[in-house]
Amino acid sequence: MSTITEQQLEEVASRLGLNRRGFLKFCTGVAATLGLSSTAGIQMAHAVTQARRPSVIWLSGQECTGCTESLLRTTHPTLETLILDMISLDYSEALCAAAGHQAEAAKHAAMEENKGKYVLVVEGSIPTKDGGIYCKIAGKTMLEHVKEAADDAAAIIAIGSCASWGGVPSAGINPTGATPVHEILPDKTIINIPGCPPNPYNFLATVLQYVTFGTLPELDDKGRPKFAYGRIIHEHCERRAHFDAGRFAKEFGDEGHRLGYCLYKLGCKGPETYANCSTQEFGDVGGGAWPVGVGAPCFGCTEQGVGFTKALHEKSEVTTHAPPDIFPPINAQSGEGATATSAGLLGAVIGAAVGATAMTVRQLGKAEKEAEKGAEHAAAEEQQ
Amino acid sequence: MSGHHQPLSNRKLITLPSLILAVLAFIALVLLAKRFAFGLGSVTNLNDGYPWGLWVVYDVVVGTGFACGGYALALVVYIANKGKYHPLVRPALLASLFGYTLGGISAFIDMGRYWNFYNMFLPDQMNLNSVMLEVGLCVTAYCTVLFIEFMPAVAEHYKMQKLKAILEKVLFVFIAIGVLLPTMHQSSLGSLLIAMGYKVDPLWQSLQLQPLFAILTAITLGFSIVIFEASFVTVGFKRSSETHILKGLGKMIQVMLSVYLVIRFGDLAMRGVLPNIFDGSFRSFMFMVETVLFVVPLVILSSPQRRNRGSMLLIAAVSMLFAGALYRFNAFLIGWTPDASNSFVYFPSTEEFLVSIGIIAMEILGYLIIVKWLPILPVDHAADHAEPHGKPASQPEQA
Amino acid sequence: MDRRNFLKLASAGAVIATSSGNAQARGNLEVPDEAVGMLFDATRCIGCRACVVACKDINGMPPEQSTPEEPWDLAMDLSADTLNIIKAYEPPQGDDGFEFIKRNCMHCVDAGCVSVCPVTAMKKDPKTGIVSHDPDACIGCRYCVAACPYNIPKYEYDEAMGQIQKCQLCNQKGVERIDNGELPGCAEVCPTGANIYGKRSDLLEEAKRRMALKPGDKYVYKLGSIDSPYGQEGEVPNYQDHIYGEKEGGGTQVLMLAGNRFEDLGMPDIPELSYAAVSETVQHSIYSNFLAPATVLGGLLYMARRNIKGSQDEEQDPNQDKSGEDRS
């Protein structure tokens, strides 16, 4: 990859409305989210400066637009920077300037033009009941739209819990037959970015990796990027120390709650939910602003079978992969062994006993010999 | 019994060995002050896995075993009616008195809540299921009995004829009790191990046979310690040899030891733990050392020629003392499994050792002082003649 | 009396010791009718240590640091300041299969500590079966520590006037939670129902019920106590086919279920006949009603009297006596 020139850097920075320094910082930040080195950040900066921006088709099914909304609130980059300068957002129902047939035409044109190269993003679940009639756009069901757009997509990202595993629309009796993307497209690799809404940086990092390296992040068995969903929230939770010490908030507003104790007993699903909320927090709000940070138990939005499924107060099944080191092992060693002095003393005592015995034995032996001699003499004298 | 014993009153009380012993005893006293001021943990290495350490195992379990001389001789002289061993009784009684008293004091020192010890004597508090209760009561009673048995020596010295007369009349009762009590608590010292179950290594956890092994080794230790003391007195005080009496004890050791070893190995075989002896562990090594120490006296004493030699008797006796001590150390400490995961270690601390050494020093010192003060040792004409500067040993004989 | 007779006599007491199996043999003690206890299901324990904290609060125990670098409550094992502890078992290979285990007094049905205590400081409540300790009676001999198969009683070695500490199921003087109808602290706070309180018979029944469940099925685990209306649904794990404490040493009132073998979790393998029963059988065979010692004493008195007379008679003629001895 060619190195980025100073001039190019200046150009792109001004295009993004950032100074040069701010721009590099942004790229490094995204790289860090991915767990990449700062050189990858430079490479990303390079990729972003390229004129050719990847085309993105953003479909919306049964959703609340929360994912888009949260994305809108990112500040580095701002969404407009993203969609105008870093990617080419060719179709999005929420953000399209165009409407009606015009928008539809733009979508088709983009799909045709970037055949096999565009990125498909699906937000919201896809109703499948009754032929998918519960969500129609431009007279076609969502089901058809997704299948059509997926055919020539280079990568498919399911954003939000609805698209990733069904989310809210699939909860309970699931009246519309709401289905996640990967079930509609079983043969394709789908990147799931669950969350309600997901952390926008998990999405941005995935897209930028694709833009920069043309590769997709490593996924777990549920199609989620491992960099963001590889660990349970509980493992890095800021309240973990309270959990380990057995200090729990038992009611909202009680002493423990006010003191920032662990929310496990209030139904926090952190111990069974895979996401990086506890390390990334949420969005750009900062200051510990994520559900658990502000005293609201995690409700497990990223996790199928937890979010929208378990009752909010219900305690989670704690998933731990390895016991933390601070637990005493079954056989903690304790006690004092021998020191040189104590062992020496034992040796000295045994030595003294053996030594004294040896001396006494010698004396006794000597005396016995003398006595024998004496007896012999006496016997000899007697004979004489 | 006047006229049989005499004090070595012609000897100096303060000698170099007695000074050294006094220093050792003093060190122990200082450390004991520390123990009472700051708790057991400040002096010992005892921990949650090893509740009993050197003080219990050496000072009480082994120490009272070493103090069985008086008991063993009482058995022989008064019960089996072997009058020829009579001269050995008084010195043995003195050693027993010291051994038991200091064993009892050691137990008291090691008690975590010594100020409550009187509860052992309150019938309401007694737990008759407890082996410890029996040991505690018997040892206390036996200390008293030993003291009474020893009283004639004092009465003799201070010419308290009336007291002596009374004592002589009732002495047989105390002698009988003095044989019964050690039989009870010495066997019970072994029974202590039963309740500890798996914590005692299979090589030493013989459950029902524990009291038998304990009493057999205790009596054998008693004979051995008599030989040991007599030999050291002979050499140390340059007195004439007592081998002619001691050799009979050697024969008894031989018999008892054979019985012991046959049952011991029979038990190991029955329980199927003989292979453990060869598993290469530290414990198996210690078992072998113990066994060798038991077998050495057996080999030495098997020949009447060797039994006639004082030096050989002493080697056998010392080997037996080491064997008996090691057997008890093995059972209580070296083969100890503190819990199922065996996660504790223990080795006596330096200060623990110094206290035990100090207590031994007190015993020897006390013995040395008392044999010079009271009529303990049998009258020895040979020694009196051999002592050039000695006043005529015969303190005016009391009729 | 010749030597043979003497040897016979010398070992008389000990020989009686070996004649076990007579009428005095005592089996394990019976479970008290109203025996209470706890059921610890290791597969439910999440290692939150709420029980450890609650135990310290209720019993007024100070925190225990393991190293100066870790200045928080982190006991490595049970101690006189930690009567209840959560330990972690890590299997030798791989990450899966680790398990937490809660260690505290098992409240044995036939408790070794109660059997060996010389001054009845360790007591088993005849009704509830709770094993309690009375420091005012205790002489500190620590035989209870040595005789406890679970290594539970702990002595305060670091104090000049230390005492034995052990779990008394939160029913000791001044706490009396059971008597007041409350739960033991550790059972009350357990968030997952890994540790529940109840009558031993009910708990044993519950343990058997859980073992009969099909792994993977859902089951509502009680929270706090076996009679609690509250429960939490969870998946049935693969249990070891072993209810620890059902039979060990005559049974314990604290029962355990686990997914790993109990010896891996640091629990001892104990025969069904309690060591206390063996010990008391031996002891009572020797000392039943003091018959044997009294008989032996009678014999001893007779012989001592006869022989001491002999030796006193001999003394009338010391020269004769001595001449017999001095010959070598």
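I began with chain A against chain B, where the contact takes 27 residues from chain A and 28 residues from chain B. I kept in mind throughout that this is a predicted model. The two chains bury about 2,100 Å² between them, and I noted that 72% of this area is on carbon and sulfur atoms. On the chain A side, I found that A:Leu345, A:Leu364 and A:Glu368 lose the most area to chain B, together 23% of what that side buries.

I then looked for charged pairs, and the count between chain A and chain B is one salt bridge. A:Glu368 forms a salt bridge with B:Arg309, with the closest N and O atoms 3.5 Å apart, and I noted that A:Glu368 is also among the three residues of chain A that lose the most area to chain B. For polar contacts, I counted seven residue pairs between chain A and chain B, both residues being at pLDDT 80 or more. Sorted by class, the side of chain A that touches chain B has 13 nonpolar, 12 polar and two charged residues.

Next I turned to chain B against chain C, where 91 residues of chain B are in contact with 78 residues of chain C. Here the chains bury about 7,100 Å² between them, of which 61% is on carbon and sulfur atoms. B:Asp48, B:Arg113 and B:Phe172 supply 10% of the area that chain B buries against chain C, which is more than any other three residues.

Across this interface I again found one salt bridge by the rule, in which the side chains of C:Arg142 and B:Asp110 meet at 2.6 Å, N to O. The rule also finds 32 residue pairs in polar contact across the interface of chain B and chain C, both residues at pLDDT 80 or more. I listed the elements that give two or more residues to the side of chain B that touches chain C, among them helix H1 (16-38), helix H4 (86-110) and helix H6 (161-191) of chain B. Of that side, H6(B) gives the largest share, with 14 residues. By class, I recorded 55 nonpolar, 26 polar and 10 charged residues on the side of chain B that touches chain C.

Within chain B I looked up one helix pair, helix H2 (residues 54-66) and helix H11 (residues 310-334), whose axes come within 10 Å and cross at roughly 145°. I noted the crossing of H2(B) and H11(B) as right-handed. The residues that meet include B:Leu54, B:Val57 and B:Phe66 in H2(B), and B:Leu321, B:Phe329 and B:Leu333 in H11(B). I found that the residues of this contact of H2(B) with H11(B) divide into 11 nonpolar, one polar and one charged.

A:Cys196 and A:Pro197 are joined by a cis peptide bond, with omega about -5°, and I placed A:Pro197 in the loop between strand E9 (190-193) and helix H10 (200-213) of chain A. A:Thr65, a residue other than glycine, has a positive phi near 70°, and I located A:Thr65 in the loop between strand E1 (55-60) and helix H4 (66-72) of chain A.

Terms used: Residues are numbered from 1 along each chain as its sequence is written. Chains are lettered from A and ligands numbered from 1 in the order in which they are written. Side-chain values use heavy atoms; hydrogens and water are left out. Contact means heavy atoms within 4.5 Å. Buried area is the accessible area (1.4 Å probe) that two parts lose on being put together, summed over both. A salt bridge is a side-chain nitrogen of Lys or Arg within 4 Å of a carboxyl oxygen of Asp or Glu. A polar contact is a pair of N or O atoms within 3.5 Å; within protein, one must be able to donate a hydrogen and the other to accept it, and residues adjacent in sequence count only if both atoms are side-chain atoms. Helices (H or I, at least four residues) and strands (E, at least two) are DSSP runs, numbered from the N terminus. Ala, Val, Leu, Ile, Met, Phe, Trp, Tyr, Cys and Pro count as nonpolar, Asp, Glu, Lys and Arg as charged, and the others, Gly among them, as polar. Axes are lines fitted to C-alpha atoms, for helices over the stretch in contact, and angles run from 0 to 180 degrees between N-to-C directions. A crossing is left-handed if the near helix is turned anticlockwise from the far one by less than a right angle, and right-handed if clockwise.
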